[in-house]
Amino acid sequence: MYSPSMLRRFFCFNAAASSSSITPSSSTTTITSKKKSLVFLGSPQVSATVLDALFNASAAPSSSFEVTAIVTQPPSRRDRGRKVMLSPVAQYALDRGFPSDLIFTPESAGEETFLSNLRALQPELCITAAYGNILPTKFLNIPPLGTVNIHPSLLPLYRGAAPVQRALQDGVKETGVSLAFTVRALDAGPVIARERIEVDDQIKAPDLLALLFSEGSKLLICKLPSIFDGSAKVNAEPQDDSKVTLAPKISPEESWLSFDEEALILHNKVRAFAGWPGTRAKVLVIDDESSNNHNILELKIITTRVGSNDKIRDNDVHDVAFVKDALVFPCGGCTDLEVLEVQLPGKKVTSAAAFWNGLRGQKLKTL
């Protein structure tokens, strides 16, 4: 959609920008009120949800703030065509008519040109929501009211890059979203407010992430007046470091399933890693006519549920059966994982029934 030259026009910190810093009174934006200046930082689609809430709240007649700049990840090559694409936040902002010269895309939030442009805007508050870059002290010192982050966990639980995924992997029954001031230590700042949410045992990470940021948007709008008048900082609750748990970044190597583990552990992993990196399993496909004719098939496991454990095993412990609407994989601890949807390499997601019918009488075994 956007040519490289257009991208450079939209998002560029070049020599010209260095010599003439962008200010709120640029040719495309004129501040005519005494509303407080807020800068938003975010990148993926869930961040656009927060930005939408801020835009809508700032447009209200009684609003005391306006979004004066947006900071997001640089354009990147995505999808099969490897086209250069804007971040979802940048694209959403442009679609809403936000000035392109007030959308910043530094490679690092510590770039001097970027920090100089940010200082020129004189933001009173910065809001972050899944921005994706570490904020250095030089950045944090700019807004006098501080920087507030929407973090999708009940801090101090699940500090780190993958709080939603790690919470689902652990099988939590409750999670939530926190508003916290940003400090140099990772997700360690004082907490302004939390919102608790019950976790359905079938919900997957992308859906839970979207839900948490939606709730976080509402919480932010509710708490903005106290953040602006300074009372939120006074009343913010320091985190109890003795209760900290970590949510480290997920690696692709973690995506493999081992059926030696119990079904509940595997089910939670499928939910947690949905979207990216997904979960994979290797199964043995055996020709029914000759057990010597077999091959190994790699499956992406899309949707699962835990079996009822009321089945009597009368086959080989590694045999995969098809019962009603599910492929039933025998797992550790005499448990069963029921797989409802799978995906073959290079193919679309398909139901367990369609996959089973495609085997044409061949047998499946776990490895």
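This is a predicted model: local features need pLDDT of at least 70, side-chain atom pairs count only at pLDDT 80 or more; totals for chains, interfaces and linings use all residues.
K249 touches A161, R166 and E254 when residues up to four places away in sequence are not counted, a contact being a pair of heavy atoms within 4.5 Å. This lysine is found in the loop between α9 (231-235) and α10, where helices (H or I, at least four residues) and strands (E, at least two) are DSSP runs numbered from the N terminus. K249 counts as exposed, at 68% relative accessibility; the classes are buried under 20% relative accessible area, exposed over 50% and partly exposed in between, with a 1.4 Å probe and protein chains only. The C-alpha atoms of K249 and A162 are separated by 5.5 Å, although the two residues are 87 residues apart along the chain.

Residues are numbered from 1 along each chain as its sequence is written, and side-chain values use heavy atoms, with hydrogens and water left out.

For the protein as a whole, the secondary structure comes to 11 helices and 16 strands. Of its 367 residues, 46% count as buried. Among contacts with a separation of 6 or more, 68% are accounted for by residues 24 or more positions apart. The accessible surface comes to about 18,300 Å², and 52% of this belongs to carbon and sulfur atoms; the areas come from the Shrake-Rupley method with a 1.4 Å probe, and for residues only the protein chains shown count as cover.

The loop of K249 leads on to helix α10 (residues 263-272). Eight of the 10 residues of α10 are buried, so the helix is largely enclosed by the rest of the structure. These buried residues are A263, L266, H267, N268, K269, V270, R271 and A272. Their cover includes α7 (163-169), α8 (205-228), β10, β11 (294-306), β13 (326-331) and β14 (335-343). Within strand β10 (residues 279-286) lies T279, which is buried with a relative accessible area of 1%. Leaving aside neighbours within four places in sequence, T279 is in contact with S255, L257, K269, V270, F273, L299, K300 and I301.

Strand β6 (residues 125-129) is also largely enclosed by the rest of the structure, because five of its five residues are buried. Both faces are covered, with L125, I127 and A129 buried on one side and C126 and T128 on the other. β6 pairs in the parallel sense with strand β1 (residues 36-42) over five bridges, pairing being assigned if DSSP finds at least two bridges between two strands. With strand β7 (residues 147-151), β6 pairs in the parallel sense over three bridges.

Turning to open space, the largest pocket holds about 1,400 Å³. Its lining has 42 residues, of which A130, Y131, G132, G160 and A161 lie nearest the centre. The elements giving two or more residues to this lining are α3 (45-58), β7, α7, β8 (174-181) and α8. The most comes from α8, with four residues. A pocket is an open set of points on a 1 Å grid over the protein atoms alone where a 1.4 Å probe fits, with protein on both sides within 12 Å along at least five of seven lines, and lining residues have an atom within 4 Å of a point. The volume is the space filled by probe spheres set on the points.
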